[in-house]
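Look at the model first.

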Amino acid sequence: MGKWVSLLGMMLVSECAMAQTDTITSRVHQLEEVTVTETQRKHTVTSTAPLHLLDRNDMLTMGVTDIADALHRLPGITVRDYGGAGGVKTVSVRGFGAKHTGVCYDGVMLSECQSGEIDLSRYSLDNVERLSLVIGDNDDIFMPARQMTTPAVLNIQTLHLPTEDTTPHLTTQVKFGSFGYVAPFLRYEQNLSSRFAFSAIAEYTYAENDYPYELRNGLETIHDRRTHSRMNSGHGELNFLWNISPMNRLTGKLYYYDNDRQLPGIVRYYTNLSGECLRERNFFGQLMYQTRWGDKLSLKWHSKFNWAASIYKDELMAGGVNDASYWQREAYTSVALLFTPDAHWSFDYSADYAFNNLNGSSWRTVSGRPYRHTVLQSVAAKYKAKRLTVLGQLLYSLYLNEQKDVPQVDRVDVQNNSANNMRRLSPSVSVSYRLLETYDLYVRASYKNIFRSPTFNESYYFHYGSPNLQPELTDQYNIGVTFSHTRSKRLQLYMTLDGYYNHVRDMIVAVPYNMFVWTCVNIGKVYTYGLDATVKAAYHFSPRYAVLVSGNYSYQRVENRFNPESPNYKKQIAYMPCHTASAALTFENPWVNVSLHGVGMTSRWPNNDHYEGTMIDGYTDIGMTAYRQFTWGHHQLEARFDLKNMFDKQYEIVYRYPMPRRSYQVTISYKF
C-alpha cells in the first residue's frame, strides 16, 4: 500500500469525479460520506444560468455514438465537423465562436494557447460519465477562476472510481463498423483499501475513413471515395483517489494522447491527390487537493502541467519540407477558498496562475518564441433561500506577454515584438426564482461580461499575426423559464426555454495587407440574438416498459454589425445556421431497447461575404440504435448496434468536407 501511495503521489494528475457540486446544502458532510441533496437533473432546473446535461444513461437511450453526436444533442451549440472518425471537431456556443468556448476535463480547463480552439475529437465517450454545458456562470462557485473566463464551458466528467469494495473491476469493449473502423477499450479499477482507489484506461482507434461521396459539376455527378484519410489514435489515463482523512482528499490524473493521421483536404473535381499528414501528441498531469476546516471553511487546490506537439508534413512537397510544426507547454496552479457562514450565504475567493509558451519549427510558423504569464483572481458571493438564488462574481484578469528572440533569424521581415499586456475587471450576475411553491417552475436571468485575449497564432503567426491586437470584448444576456414535474412514478417531464442577446466588440478578423500577406486587426462587431428550447419526458407503463422522448431546438441570428455601409452588414456570420434541432424516441422493454433519433440544421454560408453558389445546404441525419444489457451475478454484457445516416443522405458541415453517408457500428462490452 505504501509503495502505491508513494508512486502515485508523485504524479501530476487531476480532479476526479468525486467532487461535490452543491457547496451550501451539503457543506456539513464529511468528504467521504457525501449526502446528495439535489440530483443533477434537478440542478439544471434551479440553475441561475442555462445548464444542460447529458449523463451516461442519456447518451445510451438517445443513441449517441461519439462526442460530436453528443454535442448535437445540446441546445445552442454549433459543431464544426470535418467528417469521419478522428476528423477535427470544434464547438461554438450561441455564436461566440470556438475560441470563446472553454472545455473542462475532470475539473481542470484544457489549454490551447496556439489556436485557442479545443479539438473535441480527441475525447471519446467510453470513459465519460457526464457532459454538461454551462452558458454563463456556474452556480457552484467553489472552482478555479479560469472557469469564469469564457462565455460558456463544456464540462467532461469521466467515470467515478469504485468506493464500495476491494474487488478488482475490469471493463473490456470493442467497437467495429464501416470504413475500416475498429476501437478496442480497456478499463481496470480497484480499491486498494477503504481510502485509496485507482483506475487505468487504454483505448485505440483505427479507421480508413474511405467513405463514398457525390460531387456535382453542372449536369455531371461524380461518384468517388475519400482517400488519404487513415487515422491511428491511442489514448491512456491513470487516475487515483486518496481519502487521506474524513476532511482531506487528494485526486489525480495522468493523460496521454497520440494521433497519427492523414489529411484528405477538400474534395476537388477529378483528383484526390493529397500528401498531408499530421501527428498530434498531448500529455498532461493534474492534481486536486480538497480540505475542510469545520463546517464553514473549505480549500481546494489544483495543479497541472500540459505539453502538446503538432507535427505537420506534406509528402508531396519538394524534399518533404516540414515547416508547420509546433510545441506548446503550460504550467498551471489554482487555489480556491470557500466560506459558508450559514445555510444561505457562501463566498469564494479564487486565484490562478498559468505560464504558457510556444515555439515552431522555423521562422515560417511563428515569429520568435512567445510566452505568457496569466494571473486570474475572482471573488463570488451566492445567496440561496427557499425560492430565490442570487449569484454575483467579479473576475480580475492580467496577461503579461513576452517573446524571446531567435538568434539565427536575421531576416528583415521577421519581427520579434511582444504582444500587448492586458488587464481587465469582468463582472457577472445571475438570479433564479421559484414561482410556485408546489411546482418546480423557475424563472432565471443572467448577465456576464468577459473578454478573450488574442491567441499566439493571432499575435505571432508569420505574415498573419499582429502583436498590437486588443482583446475581444463580449457581453451576454439571458432570460428563461424552466419546469420539472413528476406525476407518481410513471411520468417525468422536464422543459427549459431561454432567450438571449450577445454582442462581441473589437472582434479579431484577418484582412489583406497586400496580395500575399494577411494580418489580424480589431475591426469586427457581431450581434447575436436567439432562442434555446429543450424537452425531456419519460412514461413508464410498468417497471419493464417505458417510452422516453427528448428534443432540443435553437434559433440564432449571428450578424455582422461593424460597418453599415458594408455589403456584409447584418449578414449571418460564416457557419452559423439559423435553426438547429435534435430529437430522440426510445422504447425500453425486456427484449431489445430501440431508439430512433435525428439531428439537423438549416443552410449556412462558409464565408462572411455570402458568395453566390457557395451556400452549404441544410440537412437532416436520422439514425437508429438497438441495445440490450445482460447481467449474470456481478458480470454485465452489453451489445449495441447503431445505424447512422440511415437514409444515406449526402451532406456537409464544413464546406467541401463531405460527411459519411449510411454506415453502421457494433459495440460489445463486458464488465466484471
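Q: Which residue forms a salt bridge with arginine 216?
A: This is a predicted model. The closest N and O atoms of the pair are 3.4 Å apart. A salt bridge needs a Lys or Arg side-chain nitrogen within 4 Å of a carboxyl oxygen of Asp or Glu, so the contact qualifies. The partner of arginine 216 is glutamate 214.

Q: Is arginine 216 buried or exposed?
A: Exposed means over 50% relative accessible area. Arginine 216 has 55% relative accessibility, so this residue counts as exposed.

Q: Is glutamate 214 buried or exposed?
A: The cut-off for buried is under 20% relative accessible area. The value for glutamate 214 is 19%, so this residue is buried.

Q: Which residue is the bridge partner of glutamate 214 in β12?
A: Strand β11 covers residues 212–217, and β12 covers residues 220–225. The two strands run antiparallel and are joined by six bridges. In β12, glutamate 214 is partnered by histidine 223.

Q: Which residue in the turn between β11 and β12 has a positive phi?
A: The two strands form a hairpin, with two residues between them. One turn residue has a phi of about 70°. That residue is glycine 218.

Q: How many residues apart in sequence are the parts that glutamate 280 and arginine 122 tie together?
A: Their side chains meet in a salt bridge, at 3.3 Å from N to O. Glutamate 280 lies in strand β15 (residues 276–293), while arginine 122 is in the loop between β5 (108–109) and β6 (128–135). Both glutamate 280 and arginine 122 are buried. The pair therefore ties together parts separated in sequence by 158 residues.

Q: What is the N to O distance in the salt bridge of glutamate 189 and arginine 187?
A: Glutamate 189 is buried, and arginine 187 is buried too. Their side chains meet in a salt bridge. The N to O distance is 2.6 Å.

Q: How many salt bridges does the count come to?
A: The pair of glutamate 280 and arginine 122 is a salt bridge. So is the pair of glutamate 189 and arginine 187. The count comes to 27.

Q: Which residues are closest to the centre of the second largest pocket?
A: This pocket holds about 1000 Å³ of space. Its lining has 44 residues. They divide into 14 nonpolar, 16 polar and 14 charged. The closest to the centre are Arg56, Gln629, Gln636, Glu638 and Lys671.

How values were computed. Residues numbered from 1 in each chain as written. Predicted model: local features only at pLDDT ≥ 70, side-chain atom pairs only at ≥ 80, totals over all residues. Heavy atoms only, no water. 1 Å grid on protein atoms, 1.4 Å probe; cavity = no way out; pocket = protein on both sides within 12 Å on 5 of 7 lines; lining within 4 Å. Points joined across faces, edges and corners; volume = space filled by probe spheres on them. Nonpolar A, V, L, I, M, F, W, Y, C, P; charged D, E, K, R; others polar. Pairing = 2+ DSSP bridges. Helix = DSSP H or I, 4+ residues; strand = E, 2+ residues; numbered from the N terminus. Buried < 20%, exposed > 50% of the residue type's maximum accessible area, 1.4 Å probe, protein only.
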